[in-house]
Amino acid sequence: MIELDGLVRRYGEREALSDVSLSVASGQTLVVFGPNGAGKTTLLRVLSTLLRAHAGSVSVLGKSLPEEAWAVRGRVGLLGHEPLLYRELTARENLRFHARLHDLSAERVEERLAAVSLTDRADEPLKTLSRGMVARVAIARATLHDPELLLLDEPWANLDPAARELIEPLIGVGSDPTRPRTRVISSHDPSGGLSEADLVLGLRAGRPALLREAARVDPGEIAELYR
Amino acid sequence: MRRTVAALLRKELLVELRTLESVPGMSLFAVTTFVVFHFALNQNSVSGDEAAGILWVTLLFAAMLGVNRLFVADQDQGGFDAFLLAPVDRSAMLLAKALALLAYLIVLELVAVPAFGLLLLGPSLSQALPDLLVVLLLADLGIAVIGTLVAALAVRTRARDLLGALLALPLLVPVVIGGARATSPLLGLTHAASPPIRWLLTLGLYDLVFGLIAYAVFDFLLED
């Protein structure tokens with residue numbers, strides 16, 4: 001599903017990711033921990049095809065990147081720090097726009113609006129909604145096309161407990177055993193993150209400092225990454 | 001492809017209708033420039049080469065305002081990333097943005113050309129109008145394609161406003177020359193029967209060449 005071998009990504013002279021190698025099987029959840037600037041977001045953007053690796057090899061959904069990126073797009077859902085939505089448009093207009101890009105029906109949009117409990121506010125411009133509501137629309141956007149690989153950058157930020165409960169089924173592993181969903185989640189919450197993880201990656205200054213099955217990771221080791 | 005272009009164009013026009021960030025600014029700039037020319041030239045009316053020059057330079061600089069804003073919402077609000085993650089032909093964005101810019105230019109000219117006729121032009125505009133529309137359309141196509149190409153290149157840089165103008169203006173000089181030369185006889189004191197065909201062909205050829213260049217390179221401009 002995901003195979004990284006010696007992945008390097010630079011911004012100018014600075015290496016944001018150095019020598020990252022890992023393997024994530026279909027249906028597994030990889031949770032990435034690390035302080036700000038450790039390379040978590042960069043890793044998600046490389047996996048989503050938005051950034052290229054400068055060295056090493058990257059394979060996502062069985063396709064080699066960047067050569068076969070076209071075959072990966074549309075099968076990946078990215079929830080980043082930015083909602084990737086237009087502030088001037090309403091939630092419904094934004095989702096309908098994305099539905100058209102992914103060749104999905106308007107019914108799918110209504111279904112997702114209902115799933116994030118925003119049907120009654122769907123015709124208000126996004127700029128008038130609260131941060132938490134915009135985060136819910138962003139989750140609806142990222143999962144609109146039911147992606148096989150879900151890349152979530154701190155998905156619980158800006159969400160109250162009720163909203164977390166609401167979106168849990170949308171960003172979960174999925175209930176269809178014939179189509180298991182693989183997830184890569186970046187998190188700063190050791191206990192919350194570990195409860196979701198099959199595999200844990202700890203990054204420090206772009207380098208892997210921890211890579212192990214979640215069951216064998218102690219929360220103290222994650223806390224150590226931030227010291 | 002058609003469905004994607006329609007979705008992108010619809011989004012583009014909706015965002016512009018809600019923000020009014022491009023077209024009103026472009027139109028106001030053009031009208032204000034004509035007023036400034038009216039006083040600066042210290043004459044009541046212009047015609048021929050002078051009129052064509054003033055019209056095209058003003059339209060070009062007004063168009064630059066729209067060019068500089070063309071991708072700003074996409075870049076600042078993440079629309080670029082969302083589009084790049086979708087399984088669609090990326091040329092759709094080139095086409096949709098160029099069509100949106102073309103629409104902005106047409107609205108600009110609906111305001112600017114009559115204002116030019118009222119404020120500066122000596123000869124009557126009504127006689128020249130049918131031929132002028134042909135010249136405007138050909139020049140607009142060139143501005144739309146080149147403007148979209150340059151805006152996509154500039155928007156990811158820090159000095160996007162400066163870089164957009166620095167890249168676009170040299171590339172648009174032939175459009176201004178072609179537009180002005182084709183328009184000049186139409187705005188003379190003795191109205192010509194039609195614009196010089198060679199300048200219309202020059203504009204058409206320039207549009208075609210840059211249309212093909214833009215189609216060939218646009219995908220690479222969107223890549224990391």
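## Reading helix contacts, strands and burial

User: Which residues of α8(B) and α9(B) meet?

Analyst: From α8(B), Pro174(B), Val175(B), Gly178(B), Gly179(B), Arg181(B) and Ala182(B) take part. They meet Trp199(B), Leu200(B), Thr202(B), Leu203(B) and Tyr206(B) of α9(B). Contact means C-beta atoms, placed from the backbone, within 7 Å. By class, the contact of these helices has seven nonpolar, three polar and one charged residues. Nonpolar covers Ala, Val, Leu, Ile, Met, Phe, Trp, Tyr, Cys and Pro; charged covers Asp, Glu, Lys and Arg; the others, Gly among them, are polar.

This is a predicted model: local features need pLDDT of at least 70, side-chain atom pairs count only at pLDDT 80 or more, and totals for chains, interfaces and linings use all residues. Residues are numbered from 1 along each chain as its sequence is written, while chains are lettered from A and ligands numbered from 1 in the order in which they are written.

User: At what angle do the axes of α8(B) and α9(B) cross?

Analyst: Two packed helices are described by the angle and the distance between their axes. Here α8(B), residues 160-183, and α9(B), residues 197-222, cross at roughly 155°, and their axes come within 8 Å. The two helices are therefore roughly antiparallel (over 145 degrees). The crossing of α8(B) past α9(B) is left-handed, with the near helix turned anticlockwise from the far one by less than a right angle. Helices are DSSP runs of H or I, at least four residues; strands are runs of E, at least two.

User: Is Ala165(B) buried, exposed or partly exposed?

Analyst: Count C-beta atoms within 10 Å: 20 or more others make a residue buried, 12 or fewer exposed, and in between partly exposed. Ala165(B), found in helix α8 of chain B, is partly exposed, with 18 others. Asn68(B) lies 97 residues away in sequence but 7.7 Å away in space, C-alpha to C-alpha.

User: Turn to chain A. Which way do the residues of β7(A) point?

Analyst: In a regular strand the side chains alternate between the two faces of the sheet. Leu149(A), Leu151(A) and Asp153(A) point one way from β7(A). Leu150(A) and Leu152(A) point the other way. Five of the five residues of β7(A), 149-153, are buried, so the strand is largely enclosed by the rest of the structure.

User: In which sense does β7(A) pair with β6(A) and with β8(A)?

Analyst: Pairing needs at least two DSSP bridges. β6(A), residues 76-79, pairs with β7(A) in the parallel sense over four bridges. β8(A), residues 182-187, is also parallel to β7(A), over five bridges. Leu150(A) stands opposite Gly77(A), and its bridge partner in β8(A) is Arg183(A).

User: How do β1(A) and β2(A) pair?

Analyst: β1(A), residues 2-11, and β2(A), residues 14-24, pair in the antiparallel sense over seven bridges. Arg10(A) has Glu15(A) as its bridge partner in β2(A). Two residues lie between the strands of this hairpin, where Gly12(A) takes a positive phi near 65°.

User: How many residues of α1(A) are buried?

Analyst: Seven of the eight residues in α1(A), 40-47, are buried, so the helix is mostly covered. Among them are Leu43(A), Leu44(A), Val46(A) and Leu47(A), along with Lys40(A) and Arg45(A). Thr49(A) follows α1(A) and has a positive phi, near 85°.

Key: Axes are lines fitted to C-alpha atoms, for helices over the stretch in contact, and angles run from 0 to 180 degrees between N-to-C directions. Angles under 35 degrees count as roughly parallel, over 145 as roughly antiparallel, 65 to 115 as roughly perpendicular and the rest as oblique. Two residues are in contact if their C-beta atoms, placed from the backbone, lie within 7 Å.
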